[in-house]
Amino acid sequence: MMKSIVAGLAGTALLATAAFAQTPPATTDKAPTAATATTTSASDQWRVSKMSGVKVYNEANENIGSINDLLMDKSGNIKIAVIGVGGFLGMGEHLVAVPYEKLKFVNEAVAYSGTGATNPPGRPAATTTTGAATGTDKTATTTTSSASKWYPDHAVFNASKDELKNMPEFKYSE
(Lines give C-alpha, C1' and ligand atoms only; values in the text may rest on other atoms or scores of the structure.)
Protein backbone atom coordinates (compact mmCIF):
# COMPACT_ATOMS: atom_id res chain seq x y z
CA MET A 1 0.00 0.00 0.00
CA MET A 2 2.81 2.37 0.89
CA LYS A 3 4.53 1.69 -2.44
CA SER A 4 1.47 2.77 -4.41
CA ILE A 5 1.15 6.02 -2.44
CA VAL A 6 4.83 6.82 -3.00
CA ALA A 7 4.51 5.98 -6.70
CA GLY A 8 1.44 8.26 -7.00
CA LEU A 9 3.23 11.15 -5.34
CA ALA A 10 6.31 10.68 -7.54
CA GLY A 11 4.12 10.62 -10.71
CA THR A 12 2.36 13.78 -9.63
CA ALA A 13 5.66 15.52 -8.98
CA LEU A 14 6.96 14.52 -12.44
CA LEU A 15 3.82 15.80 -14.18
CA ALA A 16 3.94 19.08 -12.30
CA THR A 17 7.60 19.56 -13.23
CA ALA A 18 6.85 18.92 -16.91
CA ALA A 19 4.04 21.47 -16.86
CA PHE A 20 6.30 24.17 -15.39
CA ALA A 21 9.12 23.38 -17.82
CA GLN A 22 7.07 24.10 -20.92
CA THR A 23 8.08 27.22 -22.76
CA PRO A 24 5.48 29.98 -23.14
CA PRO A 25 4.13 30.58 -26.65
CA ALA A 26 6.10 32.96 -28.82
CA THR A 27 4.91 36.55 -28.71
CA THR A 28 4.05 38.40 -31.87
CA ASP A 29 4.35 42.03 -32.82
CA LYS A 30 0.56 42.48 -32.79
CA ALA A 31 -0.80 45.02 -30.36
CA PRO A 32 -2.72 43.51 -27.48
CA THR A 33 -6.45 43.49 -28.00
CA ALA A 34 -8.30 45.67 -25.55
CA ALA A 35 -11.61 44.56 -24.13
CA THR A 36 -14.42 46.64 -25.53
CA ALA A 37 -17.41 47.73 -23.53
CA THR A 38 -20.58 49.56 -24.36
CA THR A 39 -21.86 52.54 -22.46
CA THR A 40 -23.25 51.99 -19.01
CA SER A 41 -26.40 53.88 -19.97
CA ALA A 42 -28.80 51.92 -22.15
CA SER A 43 -31.95 53.99 -21.86
CA ASP A 44 -33.17 53.09 -25.36
CA GLN A 45 -32.77 49.31 -24.96
CA TRP A 46 -34.85 46.57 -23.35
CA ARG A 47 -33.75 43.50 -21.43
CA VAL A 48 -34.78 40.34 -23.25
CA SER A 49 -35.21 38.58 -19.92
CA LYS A 50 -37.98 41.08 -19.06
CA MET A 51 -39.84 40.62 -22.38
CA SER A 52 -41.39 37.31 -21.34
CA GLY A 53 -44.88 38.02 -20.07
CA VAL A 54 -45.33 41.33 -21.89
CA LYS A 55 -49.00 41.55 -22.88
CA VAL A 56 -49.92 41.63 -26.56
CA TYR A 57 -52.93 43.64 -27.72
CA ASN A 58 -54.49 44.09 -31.12
CA GLU A 59 -55.32 47.42 -32.81
CA ALA A 60 -58.67 47.51 -30.95
CA ASN A 61 -56.87 47.35 -27.57
CA GLU A 62 -58.08 43.79 -26.91
CA ASN A 63 -55.68 41.58 -24.97
CA ILE A 64 -54.84 38.71 -27.33
CA GLY A 65 -52.01 37.02 -25.42
CA SER A 66 -48.54 37.52 -24.02
CA ILE A 67 -44.97 36.99 -25.17
CA ASN A 68 -43.61 33.63 -24.00
CA ASP A 69 -40.26 33.62 -25.77
CA LEU A 70 -38.08 35.38 -28.33
CA LEU A 71 -36.07 33.37 -30.86
CA MET A 72 -32.96 34.74 -32.54
CA ASP A 73 -30.71 33.69 -35.37
CA LYS A 74 -27.03 32.85 -34.94
CA SER A 75 -26.00 36.47 -35.46
CA GLY A 76 -28.12 37.58 -32.49
CA ASN A 77 -31.01 39.20 -34.37
CA ILE A 78 -34.43 38.44 -32.91
CA LYS A 79 -36.55 36.86 -35.64
CA ILE A 80 -39.58 35.26 -33.97
CA ALA A 81 -41.82 36.07 -31.03
CA VAL A 82 -43.64 33.13 -29.46
CA ILE A 83 -47.01 34.33 -28.19
CA GLY A 84 -49.18 32.38 -25.76
CA VAL A 85 -52.90 32.66 -26.53
CA GLY A 86 -55.73 31.55 -24.27
CA GLY A 87 -55.35 29.20 -21.37
CA PHE A 88 -55.24 29.97 -17.68
CA LEU A 89 -51.98 30.23 -15.75
CA GLY A 90 -50.14 28.54 -18.61
CA MET A 91 -52.53 25.58 -18.78
CA GLY A 92 -54.20 25.02 -22.17
CA GLU A 93 -52.23 27.84 -23.73
CA HIS A 94 -51.86 27.80 -27.53
CA LEU A 95 -48.37 28.92 -28.62
CA VAL A 96 -47.94 30.63 -31.99
CA ALA A 97 -44.83 31.99 -33.69
CA VAL A 98 -45.11 35.42 -35.31
CA PRO A 99 -42.44 37.44 -37.10
CA TYR A 100 -40.80 39.76 -34.58
CA GLU A 101 -40.84 42.71 -36.98
CA LYS A 102 -44.67 42.51 -37.10
CA LEU A 103 -44.88 43.45 -33.41
CA LYS A 104 -45.05 47.11 -32.50
CA PHE A 105 -43.84 47.87 -28.97
CA VAL A 106 -45.40 50.67 -26.97
CA ASN A 107 -44.08 52.26 -23.77
CA GLU A 108 -47.36 53.91 -22.77
CA ALA A 109 -50.11 51.93 -21.09
CA VAL A 110 -53.01 50.63 -23.16
CA ALA A 111 -55.79 53.10 -23.79
CA TYR A 112 -58.73 51.92 -21.72
CA SER A 113 -62.31 52.59 -22.73
CA GLY A 114 -64.86 52.17 -20.01
CA THR A 115 -67.65 53.96 -18.20
CA GLY A 116 -66.81 56.65 -15.70
CA ALA A 117 -63.33 57.63 -14.65
CA THR A 118 -62.24 54.28 -13.24
CA ASN A 119 -59.12 52.54 -14.46
CA PRO A 120 -58.75 48.82 -15.05
CA PRO A 121 -57.38 46.82 -12.12
CA GLY A 122 -53.65 47.20 -11.65
CA ARG A 123 -53.39 50.43 -13.61
CA PRO A 124 -52.28 53.70 -12.00
CA ALA A 125 -54.40 56.82 -12.19
CA ALA A 126 -54.78 58.40 -15.61
CA THR A 127 -52.65 61.33 -16.63
CA THR A 128 -53.83 62.08 -20.16
CA THR A 129 -56.90 61.52 -22.27
CA THR A 130 -56.59 60.24 -25.80
CA GLY A 131 -58.85 60.88 -28.75
CA ALA A 132 -59.97 57.24 -28.89
CA ALA A 133 -63.04 57.78 -26.71
CA THR A 134 -66.42 57.62 -28.37
CA GLY A 135 -69.72 58.68 -26.89
CA THR A 136 -70.31 60.89 -23.89
CA ASP A 137 -70.07 58.29 -21.14
CA LYS A 138 -66.85 56.56 -22.24
CA THR A 139 -63.35 57.73 -21.56
CA ALA A 140 -60.03 56.58 -22.90
CA THR A 141 -57.07 57.11 -20.68
CA THR A 142 -53.37 56.60 -20.96
CA THR A 143 -51.01 56.28 -18.07
CA THR A 144 -47.44 57.40 -18.08
CA SER A 145 -44.75 54.76 -17.96
CA SER A 146 -41.56 54.90 -16.03
CA ALA A 147 -38.54 55.86 -18.10
CA SER A 148 -36.41 53.52 -15.99
CA LYS A 149 -38.37 50.39 -16.99
CA TRP A 150 -36.27 47.86 -18.90
CA TYR A 151 -39.17 46.56 -20.98
CA PRO A 152 -42.10 48.01 -22.94
CA ASP A 153 -45.58 48.28 -21.48
CA HIS A 154 -47.10 46.12 -24.19
CA ALA A 155 -46.87 44.98 -27.81
CA VAL A 156 -49.39 45.42 -30.60
CA PHE A 157 -50.03 42.72 -33.21
CA ASN A 158 -52.64 43.10 -35.91
CA ALA A 159 -54.76 39.99 -35.30
CA SER A 160 -57.67 38.87 -33.18
CA LYS A 161 -57.44 36.25 -30.45
CA ASP A 162 -59.41 33.83 -32.64
CA GLU A 163 -57.07 34.40 -35.59
CA LEU A 164 -54.08 33.57 -33.36
CA LYS A 165 -55.80 30.46 -31.98
CA ASN A 166 -56.40 29.27 -35.56
CA MET A 167 -52.73 29.63 -36.47
CA PRO A 168 -50.58 26.47 -36.42
CA GLU A 169 -49.33 25.66 -32.94
CA PHE A 170 -45.65 26.37 -32.34
CA LYS A 171 -43.67 23.48 -30.87
CA TYR A 172 -40.06 23.58 -29.75
CA SER A 173 -37.93 20.98 -31.53
CA GLU A 174 -36.05 18.63 -29.26
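A: One definition is needed at the outset: helices, of at least four residues, and strands, of at least two, are DSSP runs numbered from the N terminus. The model is a predicted one. On this basis D153 is placed in the loop between strand 8 (138–142) and strand 9.

Q: What makes D153 count as buried or exposed?
A: The relative accessibility of D153 is 17%. Buried means under 20% relative accessible area, so D153 counts as buried.

Q: Why is the pair D153 and H154 called a polar contact?
A: The side chains of D153 and H154 are joined at 2.9 Å. The limit for a pair of N or O atoms is 3.5 Å, and residues adjacent in sequence count only if both atoms are side-chain atoms. The contact is between side chains, and 2.9 Å is within 3.5 Å, so the term polar contact applies.

Q: Where does H154 belong in the strand pairing?
A: H154, in strand 9, is the bridge partner of K55.

Q: How do you know that strand 1 and strand 9 pair?
A: Strand 1 (residues 55–57) and strand 9 (residues 154–156) are joined by three bridges and run parallel.

Q: What is the term for N61: buried, partly exposed or exposed?
A: N61 has a relative accessible area of 34%. Partly exposed lies between the 20% limit for buried and the 50% limit for exposed, so N61 is partly exposed. This residue is found in the loop between strand 1 and strand 2 (63–72). N61 is not a glycine, yet its phi is positive, at about 60°.

Q: How do you know that strand 2 and strand 3 pair, and in which sense?
A: Six bridges connect strand 2 and strand 3 in the antiparallel sense. The criterion is at least two bridges, so the two strands count as paired. One of the bridges links D69 to V82 in strand 3. Five residues separate the two strands of this hairpin, and G76 in the turn has a positive phi of about 95°.

Q: What joins strand 3 to strand 4?
A: Strand 3 and strand 4 run antiparallel and are joined by six bridges. The bridge partner of I80 in strand 4 is P99.

Q: Why do strand 4 and strand 5 stand at the edges of the sheet?
A: The open sheet has six strands in the order 4-3-2-1-9-5, with mixed pairing. Strand 4 (94–99) and strand 5 (104–106) each have a single partner strand, so one side of each lacks a neighbour in the sheet. From one strand to the next, the twist averages 40°.

Q: What makes a group of residues the largest nonpolar core, and which have the most contacts inside it?
A: A nonpolar core joins buried residues of set types through side-chain atoms within 4.5 Å. The largest has 17 residues, and those with the most contacts inside it include V56, I67, I83, F157 and L164. Strand 2, strand 3 (78–85) and strand 4 each contribute at least two residues to this core. Among the residues touched by L164 are I64, V85, V96, V98 and F157, leaving aside residues up to four places away in sequence.

Q: How many residues of the protein chain are buried overall?
A: Buried residues amount to 23% of the 174 residues.

Notes. Residues numbered from 1 in each chain as written. Predicted model: local features only at pLDDT ≥ 70, side-chain atom pairs only at ≥ 80, totals over all residues. Heavy atoms only, no water. Axes fitted to C-alpha atoms, helices over the stretch in contact; angles between N-to-C directions. Buried < 20%, exposed > 50% of the residue type's maximum accessible area, 1.4 Å probe, protein only. Polar contact = N/O pair within 3.5 Å; in protein donor to acceptor, adjacent residues only side chain to side chain. Contact = heavy atoms within 4.5 Å.
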